[in-house]
Amino acid sequence: MTMLPTRMSAKRWKGGSGARRSSRRNDLLGRVVLWAAGLVALAVLLPLGLVDRLADRPPAAETGPGPAPAPPMTGTPEGGTEVRVYLASAHKIESVPLEQYARGVLAAEMPADFELEALKAQAIAARTYIVRRLRTGDTAGISEGADVTDTVAHQVYIPLAELAKRPEGMIARLNRAVNETRDQVITYQGEPIMAAFFSTSNGYTENAEDYWKNPVPYLKSVPSPWDQAESPRYAVTVDLALNEVLEKLGLTPAAVPGLAQASRQGGGGAGSASSGTVAGDGLAEDVRILSRTAGKRVGEVQFGSMRFSGRDMREKLNLRSSAFNWERDGDKLRITTYGYGHGVGMSQYGAQGMAKQGAAAERILTYYYTGVQLDKASKLLTAAGRPSS
């Protein structure tokens with residue numbers, strides 16, 4: 001304690017030279033602070049544009065490890081003809097073996113927690129779809145060099161890089177479904193079928209000709225009683241303004257006088273005394289459902305002097321299904337749809353219900369596709385001149 005004052009006294013004794021050194025130190029410290037502040041400002045400005053250019057340079061080795069590698073896809077499906085998938089959002093083509101393509105579609109088109117036999121049925125349907133395209137050489141509407149897109153125009157497909165980010169348990173389940181059905185496709189009279197599928201039925205599937213006009217022998221209406229219990233999409237009700245409905249159908253109120261009159265009267269839903277029509281099938285004398293299909297969907301609808309198919313109504317009004325009932329609520333049209341999708345081919349939630357009751361994949365497929373059998377993709381593609389491993 002007694003030495004501290006002595007040292008302080010010694011510094012004071014050196015007089016002006018010590019003060020000058022202190023001043024220089026303070027000046028240097030000030031410059032350091034300004035330099036550091038400049039770096040901070042530069043760091044703020046870099047993200048506004050300069051960082052983009054820097055990011056184009058390859059990273060230095062000293063920057064440390066990048067993102068952790070994706071978990072291995074244990075039991076990854078291999079083999080089969082290469083499928084060239086045009087990735088619409090990335091604007092590039094990804095080439096994968098047939099079995100990996102089937103897995104990418106399965107991952108996109110059906111929940112991975114579905115029963116294994118339902119997943120296997122979907123994997124076979126997905127494989128059948130692309131084998132049919134490859135066998136016939138169908139590339140209409142596809143970028144040069146590709147066989148199929150990854151969009152709803154064909155089959156939705158999840159690319160390898162995206163799939164690698166999914167949980168390992170999910171990947172393992174998809175791999176198992178694909179591996180246990182390897183090389184299997186659905187055929188009718190020796191040819192791969194148009195393996196149409198959809199989410200949820202209204203209790204029945206639809207004849208192909210009742211939705212797409214052209215009959216297909218294996219796409220016939222069958223009961224599908226499992227969907228109501230299995231699917232959260234079974235029944236949905238929407239309210240649409242009457243003027244919006246007419247606009248979407250390309251009609252004016254004057255073209256549908258019965259509907260305009262009913263709206264002026266107010267009240268009274270479908271089947272009320274004011275409408276004078278069969279409950280559930282009409283809103284007015286000139287606005288009614290004229291027919292139903294074998295699959296219990298709407299066949300034809302009348303709006304004034306115009307007629308629309310059930311498919312027209314579904315697409316123009318953006319409905320979930322062409323199976324619907326309606327009623328008027330003031331100036332609104334209340335529509336309840338049953339099922340989700342076109343209704344042709346295999347119902348995915350129906351397949352889930354069948355699988356829960358113990359049905360194997362082959363049983364599911366031969367139920368929803370009439371008169372079909374399973375065959376080998378490799379045989380069909382080799383016969384068509386497409387190499388297959």
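How many of the 9 residues of helix H13 (residues 348-356) are buried?

1. In this predicted model, 8 of the 9 residues of H13 are buried, so the helix is largely enclosed by the rest of the structure. The buried residues are Gln348, Tyr349, Gly350, Ala351, Gln352, Gly353, Met354 and Ala355. Their cover includes helices H4 (98-109), H5, H9 (227-230) and H14 (361-368), along with strands S6 (197-198) and S14 (346-347).

2. The N-terminal end of H13 is capped by Ser347, with a side-chain oxygen 3.0 Å from the backbone nitrogen of Gly350. Just after H13, Gly358 has a positive phi of about 100°.

3. Helix H5 (residues 116-136) has 21 residues, which should span 30 Å at 1.5 Å a residue; the end C-alpha atoms are 30 Å apart, in agreement. Of these residues, 17 are buried, so H5 is largely enclosed by the rest of the structure. Gly137 follows H5 and has a positive phi, near 70°.

4. Glu117 is partly exposed at 22% relative accessibility, whereas Lys120 is buried at 12%.

5. Glu191 is partly exposed at 37% relative accessibility, and Arg135 is partly exposed at 22%.

6. The whole structure holds 17 salt bridges.

Conventions: Residues numbered from 1 in each chain as written. Predicted model: local features only at pLDDT ≥ 70, side-chain atom pairs only at ≥ 80, totals over all residues. Heavy atoms only, no water. Helix = DSSP H or I, 4+ residues; strand = E, 2+ residues; numbered from the N terminus. Expected span 1.5 Å × (residues − 1). Buried < 20%, exposed > 50% of the residue type's maximum accessible area, 1.4 Å probe, protein only. Contact = heavy atoms within 4.5 Å. Polar contact = N/O pair within 3.5 Å; in protein donor to acceptor, adjacent residues only side chain to side chain. Salt bridge = Lys/Arg side-chain N within 4 Å of Asp/Glu carboxyl O.
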